[in-house]
Amino acid sequence: MKKVVDVSFPVGPVHPCWKEPVRLKCETKGEKVLQAEVELGYMKKGIERIMRGRPWQEVMFLAERICGICSVIHNMVFIEGMEAMSGIPVPPRAAYLRVIANELDRIQSHLLANFSYCYTIEHETLGMYLLNVREKAMDLLERLTGARVNKAYMIPGGVRFDLQAEDHVIISSTLDQIEPDIMRYTRMFSEGPLIGLRSRGIGILSEVHAREAHAVGPTARASGIRTDLRTQHPTYQKIGFSPVVRTEGDNFARVMVRFQEVAESIGIIRRCLDGLPEGLIRSGGVCGAGTITHRGEAPRGELTYYLKADEYGRIVDISIQTPSIMNIEASAHYMIIGATSLADVTSTFISADPCIACTER
Amino acid sequence: MSLLQRVKNVVRSRSIHVCFVDVGSCNGCDIEVLATLAPRYDIEQYGIYVHNNPREADILLVIGAMTPQWEDKLPALWERIPEPKAAIAIGNCPISGCVFQRRDTYVSAPVAKFIPVAAEVPGCPPRPTEILSAILSLAPTVFKDFEERRR
């Protein structure tokens, strides 16, 4: 077939809108995008190859360096996989503290993703508001875990630091502060007429296409697919929550799903703090041999770890499937196609919240 | 000192354009560089603008442990930045490779093998304040009297 494209338009790898290097090649006719292809491979470090043959004490720190934005969930899924494999019990207080750390991480990750989107559609004011709220969430994470980004908070059989009484007060009062802010910014986003023009009805991912591309996380939930692995997690089942689902499937829906999930996460943390059981935070245990496939819900979707360890707790084989690769596929092959303006290409790609460090490892 | 040089000094002291390039990190340092934009740290009050465009940059922030894809691209990108320019290595990865510098990996740290690095900010990741103070303390040593010193 004869090619009818005008310009093959490359975006990246170094681009003002991209936080990480990725190249997006769009075949365009006029300003209409006919076809898009993603070129990955700028950040492949081979972390799974480093992990093989090392004891879990080292792999635990490597696991959270797969992705800096969602480091808590990488740590959590790896540690829960090791625990499930070796039959190590977790004290109830530690399980609740893990949920608090995970939800705080989800809040900061979603706010950063929405900041990137607002920055890409050149609405810097809202972006700066969101970054400011994110700093408060980062402060809470630092108070709870002792570090801002790479925390290594969870270890087999519990967590490393307890929540003191004054931390309890500070976390709940800060949540009271940021909740009205989040509500205000959500309203600003949903009612802003110019934001609506750049977001509503752009980059539509229908439910059929989302299923074809195996979209996960907020991208899938914005297209009407009710999928959230937190509903299968025992601690979350005890606390109780309902996944946020929207049916529009456009850029607006994806950003709104993240805003609503931040509000949902604040609710989860409040319920955790109210029902925080007393007792030990570490019960100990020995990591043994076994094979397991363990899943968890990262801020961007479903995260899968396949682990195989020997009797000394050394990782013999490991394979990781991160959520971003499916969302990038959905973004490049379904959302961007038919975009009527090249300015919408970057904002549509960013709205799927691609994390290249996760994808390539 | 010529008048032109004095004018240039004044202008350059309050207008530093920053480009950051990720050459294979875990994303942790990227989000700390982005956090410097936040109103709490407010990088723009010092006249530093994060544009992420190498052609108008003065300072290049290099993040990451140098993957094979970047070995030819990073020197090419460095060539595109107009003089006067400086590179700052953010985090442990561009300095030593951090956890990625092991047997069987694809990385080839340090970044100083490929481009001249003027300053290093260690940490995994460094705090936004440290990144900010590194840029602020490096800028006068590079940009002040640049043409006069060169002559």
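This is a predicted model: local features need pLDDT of at least 70, side-chain atom pairs count only at pLDDT 80 or more; totals for chains, interfaces and linings use all residues.
Some housekeeping: local features need pLDDT of at least 70 and side-chain atom pairs count only at pLDDT 80 or more, while totals for chains, interfaces and linings use all residues. Residues are numbered from 1 along each chain as its sequence is written, and chains are lettered from A and ligands numbered from 1 in the order in which they are written.

Let's start where the chains meet. Helices here are DSSP runs of H or I with at least four residues, strands are E runs of at least two, and both are numbered from the N terminus. For the classes, Ala, Val, Leu, Ile, Met, Phe, Trp, Tyr, Cys and Pro are nonpolar, Asp, Glu, Lys and Arg are charged, and the others, Gly among them, are polar.

Now to a helix pair inside chain A. Helix H4 (residues 92-120) and helix H13 (residues 343-351) of chain A pack at about 175 degrees, their axes 9 Å apart. Axes are lines fitted to C-alpha atoms, for helices over the stretch in contact, with angles from 0 to 180 degrees between N-to-C directions. So H4(A) is roughly antiparallel to H13(A), the word for angles over 145 degrees. From H4(A), A:Ser116, A:Tyr117 and A:Thr120 meet A:Thr346, A:Ser347, A:Ile350 and A:Ser351 of H13(A). That contact has two nonpolar, five polar and no charged residues.

On to the backbone. In chain B, the peptide bond between B:Glu83 and B:Pro84 is cis, with omega about -5 degrees, and B:Pro84 sits in the loop between helix H3 (70-80) and strand S4 (86-90). Another cis bond runs from B:Cys124 to B:Pro125, with omega near -10 degrees.

Finally, which way does phi point at A:His214, positive or negative? Phi is positive, about 55 degrees, although A:His214 is not a glycine. A:His214 is partly exposed, with 15 other C-beta atoms within 10 Å; buried takes 20 or more, exposed 12 or fewer, and partly exposed lies in between, with C-beta atoms placed from the backbone.

Note on methods. Angles under 35 degrees count as roughly parallel, over 145 as roughly antiparallel, 65 to 115 as roughly perpendicular and the rest as oblique. Two residues are in contact if their C-beta atoms, placed from the backbone, lie within 7 Å.
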